[in-house]
Amino acid sequence: YASPLIYDHAAVTSAYPARIATFATAIAGEMVVMQFLKTRLLTAEARQRRMAEVDPLTGLLNRRSFDMALQDVFAQRSSTAEAEGTSLVLFDFDGFKLINDLHGHPVGDAVLRAVAEAAQQVLRRGDRLARIGGDEFAVLADGAGPDGVVRLGRHCPSERRPYAHPRRRVSRPNRLVEGVHEARSEEHTSE
């Protein structure tokens, strides 16, 4: 039994390297665990942000994200004096409920995904496409100008051709109805 009052300098100094190595190993382990937890947190945060901003069916912006994008464009427009306005194209299916009623929701979902893909193919880089309701879509084309609005309205999406599900024929041609508007920044109010 050793008395704590007896101090052995050699024994204490020879234990330093082992203690330092143990301490360094513990700190390195804590850093690895903290980095792992940080990565998991960032991944979960990105997943939650995506869930809050993206429509899960089509992969497009959802209504909330589209509204925020619209506010950002108008805020930017009010701070700059640009000649070209912002184009807004709204379109929806005429009689989409009938597709779901006759063919089922999986077919209706496939049709919505096909519309989203077709619309994305005619948009410019930087245009924002969103699913803002059940069968309602919106395109925000900043700086497209009057000619761009006409082009967007003419080509968005599919030029009214019928859609078919791979396993079922959708018997009724599905017409898309759109509304096109070009807004200038002076039209925007802060209400």
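I took buried to mean under 20% relative accessible area, exposed over 50% and partly exposed in between, with a 1.4 Å probe and protein chains only. The model is predicted, so I kept local features at pLDDT of at least 70 and side-chain atom pairs at pLDDT 80 or more, while totals for chains, interfaces and linings use all residues. Residues are numbered from 1 along each chain as its sequence is written, and side-chain values use heavy atoms, without hydrogens and water.

**Aromatic pair.** I paired Phe, Tyr and Trp rings (six-membered ring for Trp) with centres within 6.5 Å; planes under 30 degrees apart are stacked, over 60 edge-to-face, the rest tilted. I found one aromatic pair. Phe91 and Phe137 have ring centres 5.4 Å apart and planes at 10°, so they are stacked. Phe91 sits in strand S1 and Phe137 in strand S3, 46 residues apart; strands are DSSP E runs of at least two residues, helices H or I runs of at least four, numbered from the N terminus. Phe91 is buried, at 2% relative accessibility. Phe137 is buried too, at 1%.

**Cores.** I looked up nonpolar cores next: sets of buried Ala, Val, Leu, Ile, Met, Phe, Trp, Tyr and Cys joined through side-chain atoms within 4.5 Å. The largest has 17 residues, and Phe91, Val111, Leu129 and Phe137 have the most contacts inside it. H4 gives the largest share, six residues. Another core, of seven residues, lies apart from it and includes Ala69 and Val73.

**Helix contact.** I checked H3 against H4 for heavy atoms within 4.5 Å. Phe96, Ile99, Asn100 and His103 in H3 meet His105, Val107, Gly108, Val111 and Leu112 in H4.
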